[in-house]
Amino acid sequence: MIKGIVKDYLRPTVPIGIKNNDGNWENLDALLGTGFEADGFEANLMLSRTAAIQLGVALKHYPESSDYISPELLADNSIITPRLPLWADLLLEENPKAAKVYQILKHDRFSVVIGPGLLSNRRVIIDVVENGLVEIDWIPDPNPSPLDQIRGLIHKPEPQPCYSEYRWMLPWTTLKIRDSRSNWHPLTVNVDTGDNRELSLPPRLVKEFGLCLPDKDSFTDPDGPLETNRGEVEIFWQGRPRKVQCTQSREKNPPLVGMKLFLGNRIIIDNYNRQPVVKTARIPRPTF
């Protein structure tokens, strides 16, 4: 079992080791991120350039290679989004594992981010409060029964033309959102544990729902800084209407919900069959 903690504005972190060019393991806390994927399910690691250089991370072109890329080469912008896969050696639960590097970040919002590609057949539990519990363990029964498979098909969200770009390989949940004419629309959203906001929507959905986002906002994502807008919208969430802050994201992004929406809840992500399933409930009170 991997145990971590929620800190720094509700972001879940877990301890990992990462190998440097000297062959030694550097120990650090990595953000447990669920809001990114690339090349399907295999992309599972992001590094900031500063962290990669300071730690001397042993990057290589092949999983079993002993030839490392010099940290000085990270100053070359061509390696920021690798044209070829890059790999780094991680240590999870004392087990070495080669992880595919999705992106070398030019900014330092996060040092190291591990994604769902490293957590196949794992159950992730996150208590969304400051200093909350983070646990990653094997799913008790990774092979669901026929009845569970049928239930999964029943509850699987229906793809809709205007929302079809949400990412099936990332954890998802559903809600309803009220448009400018007070009509409710079902919306499938990905759960982003690296985002401490409530809701973010790409411009096409902001326009489609006629949402008013009058306030200026700025944030940094894996693609860099973004100047944008935000405003209050109404959603139907956990059995009741609720007003939340909505931020307009990049056009290519799927609809996302962040950790602030889950404040006070326990998130359970069963990460199997390349379709992670999310369950939420209020954090149980301790019994004495």
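Colleague: Which side chain meets that of Asp29 in a salt bridge?

Modeller: Good place to begin. This is a predicted model, and in it the side chain of Asp29 pairs with that of Lys7, with 3.0 Å from N to O. To read such a pair, ask next where each partner sits. Asp29 belongs to strand E3 (residues 25-32) and Lys7 to strand E1 (residues 2-7), so the bridge links distant parts of the chain, 22 residues apart.

Colleague: Are Asp29 and Lys7 buried, exposed or partly exposed?

Modeller: The term buried is kept for residues under 20% relative accessible area, and exposed for those over 50%. Asp29 has 42% relative accessibility, so it counts as partly exposed. Lys7 is also partly exposed because its value is 25%.

Colleague: How many salt bridges are there by this rule?

Modeller: The count comes to 11. Let me show you one in another setting: Asp195 and Arg197 form a salt bridge whose closest N and O atoms are 2.6 Å apart. Here both Asp195 and Arg197 are buried.

Colleague: And what does the side chain of Arg204 meet in a salt bridge?

Modeller: Its partner is Glu251, at 3.2 Å from N to O. Arg204 is in helix H3, while Glu251 is in the loop between strand E15 (240-248) and strand E16 (256-257), so this pair ties together parts that lie 47 residues apart in sequence. With relative accessible areas of 24% for Arg204 and 41% for Glu251, both residues are partly exposed. Salt bridges can also join up: Asp215, Asp217 and Arg230 are linked in a network.

Colleague: What is Leu201 in contact with, leaving aside its neighbours within four places in sequence?

Modeller: Among its contacts are Ile177, Leu187, Val206, Phe209 and Leu211. The list also includes Cys246, Thr247, Gln248, Ser249 and Pro255.

Colleague: Is Glu198 buried or exposed?

Modeller: Glu198 is buried, because its relative accessible area is 10%. It lies in the loop between strand E11 (184-191) and strand E12 (199-201). The backbone nitrogen of Gln245 is 2.7 Å from a polar atom of the Glu198 side chain. Beyond its neighbours within four places in sequence, Glu198 has contacts that include Arg242, Val244, Leu256, Val257 and Lys260.

Colleague: Finally, how do I read the protein as a whole? How many helices and strands does it have?

Modeller: There are three helices and 18 strands. Of the 288 residues, 50% are buried. Among contacts between residues at least 6 apart in sequence, 62% join residues at least 24 apart. The accessible surface is about 14700 Å², and carbon and sulfur atoms account for 50% of it.

How values were computed: Residues are numbered from 1 along each chain as its sequence is written. This is a predicted model: local features need pLDDT of at least 70, side-chain atom pairs count only at pLDDT 80 or more; totals for chains, interfaces and linings use all residues. Side-chain values use heavy atoms; hydrogens and water are left out. Contact means heavy atoms within 4.5 Å. A salt bridge is a side-chain nitrogen of Lys or Arg within 4 Å of a carboxyl oxygen of Asp or Glu. Helices (H or I, at least four residues) and strands (E, at least two) are DSSP runs, numbered from the N terminus. Buried means under 20% relative accessible area, exposed over 50%, partly exposed in between (1.4 Å probe, protein chains only). Accessible areas come from the Shrake-Rupley method with a 1.4 Å probe; for residues, only the protein chains shown count as cover. A polar contact is a pair of N or O atoms within 3.5 Å; within protein, one must be able to donate a hydrogen and the other to accept it, and residues adjacent in sequence count only if both atoms are side-chain atoms.
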